[in-house]
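Work through the following exercises with the sequence and the model at hand. Each task is followed by a solution in steps.

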Amino acid sequence: MAITETEALVLRSYNLAEADKIVVCLTRSSGLVRAVAKGSRRIKNRFGAALEPFTLVNLTYYQKENQELGSMRQAEIVKSHFNLFRDPDVLTGLAYIGDLVVEFSPPHQTNDKLYRMVNACLEAIAADPQDLQSILRYFEVWILRLEGFLPDLRRCAECGRSLTEEGGILLSRELELLCASCAQGRGEVLSRKAYGRLCATQVQSPQIFAQDSRGLSAAIQNELAELTHRMIGRVLERHPRVRLAFQTGRI
Ligand SMILES: [Zn+2]
C-alpha cells in the first residue's frame, strides 16, 4: 500500500454508506484520484470543510495497487472558494469544469499542465466571476489541447497554408480549420474575430484572455461557445452532462 502526499483540487464527492464519501480529486502528482473519506459525513470529522468542491488541499491518501479507490487519510485546506458558491451560474460553471476534467482525464495519469491550467482558470473566475463564460471557453480549448484533440489553429488542415494571413477560414464537418480555397464552400465560415479569440487562448493567461474578451459582441461569444461545444461534443460523442447557462437560455 503506497502513501501519497500531494496538492490536490477537490472536484466532487458522492455519499457512500452511512458515514463516508467518495471524493474525486485532481492531484498534482497523480492526476485524477478517487478516494474514500471514512467518517466524513459525521458531524465531527477530521476533514472539516476540506472536501467541499473546488477546495485546494494538501492531500494524503493510500492507494493499493490495482485498486481504483484510494483511502483518504488527511486533507488540509490550502485555499477554499466558498465565496463563489453564492452565484448559481458560477456553481454550474465549476461543476462543468469538474465534469470535463473527469470525462477527459484518465485516472492516475500525471498531467501537471492540466493541473496548473484548471487552477489558473479557477483563480481567474475567483478574481472576477463576471468573466465566467470567457474563462469556460478558455478552459474548453485548453482541455481539448492538453488531451490531444485540438485541431491545428494556425494552418489549413488540407494544404498547410497559414490561416493567420488574410482570407476566409472555414470549419469543416470534421471540425478542422480549412482555408477558403481548400474548403470550396464545404463547411461554415468562421469569423476573423472568433478565430482571433481562439488563437489568443494559446498565448494568453485565462485572466488576460477574459479581460480582452469583455468587449466582444454576444454574437461572437455565441459563435465561440458553439464552436468549443461542438468540438467537445464530438470528442465525447455526446454533450457534456452539465448544461451551461447560455444553453438553457439564461443569458
Ligand atoms: Zn488549404
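A residue counts as buried if 20 or more other C-beta atoms lie within 10 Å of its own, as exposed if 12 or fewer do, and as partly exposed in between, with C-beta atoms placed from the backbone. The model is predicted: local features need pLDDT of at least 70, side-chain atom pairs count only at pLDDT 80 or more, and totals for chains, interfaces and linings use all residues. Residues are numbered from 1 along each chain as its sequence is written.

**Exercise 1.** Characterise the overall fold of the protein chain.

*Solution.* Step 1: the protein chain holds seven helices and eight strands, where helices (H or I, at least four residues) and strands (E, at least two) are DSSP runs numbered from the N terminus. Step 2: its radius of gyration is 20 Å, close to the 18 Å of the globule rule for 251 residues, so the chain is as compact as a globular protein of that length. The radius is taken over C-alpha atoms, and the rule is 2.2 Å times the number of residues to the power 0.38. Step 3: the C-alpha atoms fill a box of roughly 65 × 40 × 30 Å along the principal axes. Step 4: of the 251 residues, 34% are buried.

**Exercise 2.** Describe the open sheet that contains β6.

*Solution.* Step 1: three strands lie in the order β7-β6-β8, with antiparallel pairing; pairing requires at least two DSSP bridges between two strands. Step 2: β7 (177–179) and β8 (188–190) are the edge strands, each pairing on one side only. Step 3: β6 (residues 169–171) pairs with β8 in the antiparallel sense over three bridges. Step 4: Ile 169 stands opposite Leu 190 in β8.
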